[in-house]
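Dear colleague,

I am passing on the structure we spoke about, with notes on its side-chain contacts. Please have it open while you read on.

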Amino acid sequence: MRFVIIGAGRVGLRTARVLRDEDHEVTLVERDEPTLKRAREQDFAVVEGDGSRETVLEAAGIEAADAIGALSGNLNVNFTACMIGNHYGCRTVMRIDEDYREGIYRKYADQVDEIIYPERLGAIGAKNALLGGTIRAIADIAPYLQVVELTITADAPVNGYTISELHLPADATVLAFGKGETPLEIPTEDLSLEDGDRLVVLADFDVLSEVRQLLVGETANRAAANAGSGSSSAVELLETETDPDSETDSDTGGVN
């Protein structure tokens with residue numbers, strides 16, 4: 001498949017590496033000279049210019065692309081690039097940074113195929129590592145909705161219940177069930193919940209604490225601290241990369 005990526009900074013360049021490793025064709029669009037040079041040194045095809053200009057995207061091969069990833073640090077550039085991508089029939093993926101606000105999500109969500117939040121994804125990974133094996137955040141569905149996988153423990157109040165006897169808060173829904181290490185499947189009402197079983201739950205952040213108490217057996221204080229609002233300041237600090245390969249994103253995204 002062919003992809004055009006706007007922004008050759010940390011997010012864009014690493015996405016391009018993954019795609020290239022899977023034998024896809026990738027062209028990067030970038031205006032910042034040092035960032036552009038770094039991408040070329042890694043043997044990527046790079047078009048220099050403003051990623052929100054149609055002529056630049058045409059030079060990058062937008063007409064033949066399957067998808068466009070607008071991954072620069074500039075929201076306006078990203079949105080404009082996606083609108084051009086829509087015109088050419090591309091799948092559009094737009095990056096939104098730290099402003100994880102419902103208003104921004106609603107403004108753009110219906111006009112692109114997918115919105116991503118790199119900082120949020122980094123926080124989810126760090127949080128999973130910190131919490132250990134009984135709880136794993138899988139994805140954010142909307143600003144206040146998250147899919148989590150929880151492992152039933154011996155201390156869980158619902159240990160020994162059947163699915164039909166399980167009553168989660170109103171803003172939480174069981175999506176899948178896995179008995180021990182068996183693959184996840186759609187649960188049936190007579191399945192029993194035992195130590196080591198896994199449940200995938202879609203829940204509002206406001207009820208995550210209560211869900212954790214029921215399924216994992218955490219205390220109220222610990223569950224509230226771990227659930228939080230999706231990420232904590234301590235976790236966010238872990239998003240800063242310390243490896244020598246780390247690079248910052250171009251704020252301009254190719255804007256003149």
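Predicted model: local features only at pLDDT ≥ 70, side-chain atom pairs only at ≥ 80, totals over all residues.

Residues are numbered from 1 along each chain as its sequence is written, and side-chain values use heavy atoms, with hydrogens and water left out.

The whole structure holds 5 salt bridges (a side-chain nitrogen of Lys or Arg within 4 Å of a carboxyl oxygen of Asp or Glu). One of them joins R91 and E114 at 2.7 Å, N to O; because R91 lies in strand β5 and E114 in strand β6, this pair ties together parts that are 23 residues apart in sequence (strands are DSSP runs of E, at least two residues, numbered from the N terminus).

D197 is buried, at 2% relative accessible area, whereas E194 is partly exposed at 39% (buried is under 20%, exposed over 50%, partly exposed in between, with a 1.4 Å probe and protein chains only).

R20 lies over the face of F44, 3.8 Å from the ring centre (the rule asks for CZ of Arg or NZ of Lys within 6 Å of the centre and within 35 degrees of the ring normal).

There are 0 disulfides (cysteine sulfur atoms within 2.5 Å); for C82, the nearest cysteine sulfur, that of C90, is 9.7 Å away.

Best wishes

Note on methods: Helix = DSSP H or I, 4+ residues; strand = E, 2+ residues; numbered from the N terminus.
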